[in-house]
Amino acid sequence: MKSVSVIIPVFNSQNTIERAVNSVINQPLVSEIILVDDGSTDNSILIAKNLITNHGLVKLFFHPSNQNRGAAASRNLGLTHAQSEWVQFLDADDELLEGKIEGQIAVSNNEMSFIAGNAIDCFEDGHQHLRKFFHDPWSGLIAGKLGITSANLWNKKFLDKVGGWQESLSSSQEYDLMFRLLKENGKMGLCSQALTKIHKTGHSISNNPATQADRIDNWLKLRKEIKTYLINMDMYSLSRNYVYSGYVFDFCKRNNCLSQYDGSRFFAKLFGLEKTLKKKLSQIFV
């Protein structure tokens, strides 16, 4: 029977770590819950030790000298200790709903590098948004619609093959990882159930002005690398060109970097018209 290691980076997560652990502790197929402290200065370590006492599956690891190394390095440290064939990464402020892991394992096989899942974004004002993937993995990779860290399930064999997470990146980490996995092995799975809750706060990297320039650079650089790869592999189809042109133009427009746009202006215009039409139709049929 397949088993799953859950890896949770912990950084000053005293208010949410119990919720995260409780959301996976009774999930079938979970063989261990690996907490990796990332230099916390609050009560996270005390809470983690209490969780270890109360739940035999929970383990706790630290970076050398209790350093703060970042989420990617913490996930990589967790990977070195993971014993199962499949890995569930979970951010300490997010949670899994019942059946998430079991449902994704059900559609998996050992030659899939990862399983993409849908997620529910939960905002501080109470409203929610369903985050849905694209069925074409390359279009999903370009558009940022191929699941996210906690919504996906990952095959440890292929994570090890590509060297895990890129620790030098400050953003676009999971899409960089998925790109490298798809280049290594184009087989992946999809599970349409939305069984991951992503709790959105005003403290995320996308809302931090100090990291905005890096976020923009990382996002654009990765998309251009994906485009170049698809062209070189003769996989840059008309539909993927359309997705690239539309999403990259929209991103550049929103972030005031149109000088860096390198897609089709014609497709970008069509994409804008399609987006406007969908918005109008959604207002009519509310």
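Predicted model: local features only at pLDDT ≥ 70, side-chain atom pairs only at ≥ 80, totals over all residues.
Helices, of at least four residues, and strands, of at least two, are DSSP runs numbered from the N terminus.

**First stop: Asn12.** Select Asn12, which is found in the loop between β1 (4-10) and α1 (17-25). Its phi is near 45 degrees, a positive value in a residue other than glycine. Colour the residue by accessibility: Asn12 is partly exposed, with a relative accessible area of 32%.

**Second stop: Leu29.** Next, follow α1 towards β2 (30-37) and select Leu29, whose place is in the loop between these two elements. Here too phi is positive in a residue that is not glycine, with a value near 80 degrees. Is Leu29 buried or partly exposed? Because buried means under 20% relative accessible area, Leu29, at 21%, counts as partly exposed.

**Third stop: the whole chain.** Along the principal axes, the C-alpha atoms fill a box of roughly 60 × 40 × 40 Å.

Show the side chains and then the surface. Buried residues make up 50% of the 286 residues. Of the contacts with a separation of 6 or more, 77% join residues 24 or more positions apart. The chain exposes about 14,100 Å², of which carbon and sulfur atoms supply 51%. Finally, colour by charge: the mean positions of the 32 positive and 29 negative charges are 7 Å apart.

How values were computed: Residues numbered from 1 in each chain as written. Heavy atoms only, no water. Buried < 20%, exposed > 50% of the residue type's maximum accessible area, 1.4 Å probe, protein only. Contact = heavy atoms within 4.5 Å. Areas by Shrake-Rupley, 256 points an atom, 1.4 Å probe, with all protein chains shown as cover. Lys, Arg positive; Asp, Glu negative; His and termini not counted. Charge placed at Lys NZ, Arg CZ, Asp CG, Glu CD.
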